Amino acid sequence: MELTINEVLPARDKNNTVDLYVVSDIKVDTHTDPYTASEARVSHYPDWEPAEEDLRPRKYEYRLPDTTG
């Protein structure tokens, strides 16, 4: 599962209480216009705090060095 920084940072803050909801296994009927979603599974993790050992870096932002100086 992928998380954004805006999901992880507030959950790490001890001043916040965060619940994590995961919606998965969504069935989408592509024969309708607009598409119709149904039969999703919802998982709820109350008072969620991401464990450091369960987080993996998957994307980095990189600032290019200034080459004009």
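Visitor: Which residues is S43 in contact with, leaving aside its neighbours within four places in sequence?
Guide: Happy to start there: S43 is in contact with L20, Y21 and V22, where contact means heavy atoms within 4.5 Å. This is a predicted model, in which local features need pLDDT of at least 70, side-chain atom pairs count only at pLDDT 80 or more, and totals for chains, interfaces and linings use all residues. Residues are numbered from 1 along each chain as its sequence is written, and side-chain values use heavy atoms, with hydrogens and water left out.

Visitor: Why is S43 called buried?
Guide: The relative accessible area of S43 is 16%. Buried means under 20%, exposed over 50% and partly exposed in between (1.4 Å probe, protein chains only), so S43 with its 16% counts as buried. S43 sits in strand β4, residues 41-45 (strands are DSSP runs of E with at least two residues, helices runs of H or I with at least four, numbered from the N terminus). Its C-alpha atom is 6.5 Å from that of V23, 20 residues apart along the chain.

Visitor: What makes E52 and R12 a salt bridge?
Guide: Their closest N and O atoms are 2.7 Å apart. A salt bridge needs a side-chain nitrogen of Lys or Arg within 4 Å of a carboxyl oxygen of Asp or Glu, so this pair qualifies. E52 belongs to the segment after β4 and R12 to helix α1, so the bridge ties together parts 40 residues apart in sequence. E52 is exposed at 54% relative accessible area, while R12, at 39%, is partly exposed.

Visitor: How many salt bridges does the rule give?
Guide: The count comes to 4. One of them joins E49 and K14, with closest N and O atoms 2.8 Å apart. E49 is in the segment after β4 and K14 in the loop between α1 and β1 (20-24), so parts 35 residues apart in sequence are tied together. E49, at 49%, counts as partly exposed, whereas K14, at 67%, counts as exposed. Another bridge pairs the side chains of E2 and R58 (3.6 Å, N to O). E2 comes before α1 and R58 after β4, 56 residues apart; both are exposed.

Visitor: What makes A11, V18, L20, V22 and W48 a nonpolar core?
Guide: A nonpolar core is a set of buried Ala, Val, Leu, Ile, Met, Phe, Trp, Tyr and Cys residues joined through side-chain atoms within 4.5 Å. These 5 residues form the largest such core. Not counting residues up to four places away in sequence, V18 touches P10, A11, Y45, P46, D47 and W48.

Visitor: What is the volume of the largest pocket?
Guide: About 590 Å³. A pocket is an open set of points on a 1 Å grid where a 1.4 Å probe fits, with protein on both sides within 12 Å along at least five of seven lines; lining residues have an atom within 4 Å of a point. Of its 19 lining residues, L3, T4, V8, L55 and R56 are the closest to the centre. Helix α1 (residues 5-12) gives the most to the lining, with 4 residues.

Definitions and conventions. Points joined across faces, edges and corners; volume = space filled by probe spheres on them.
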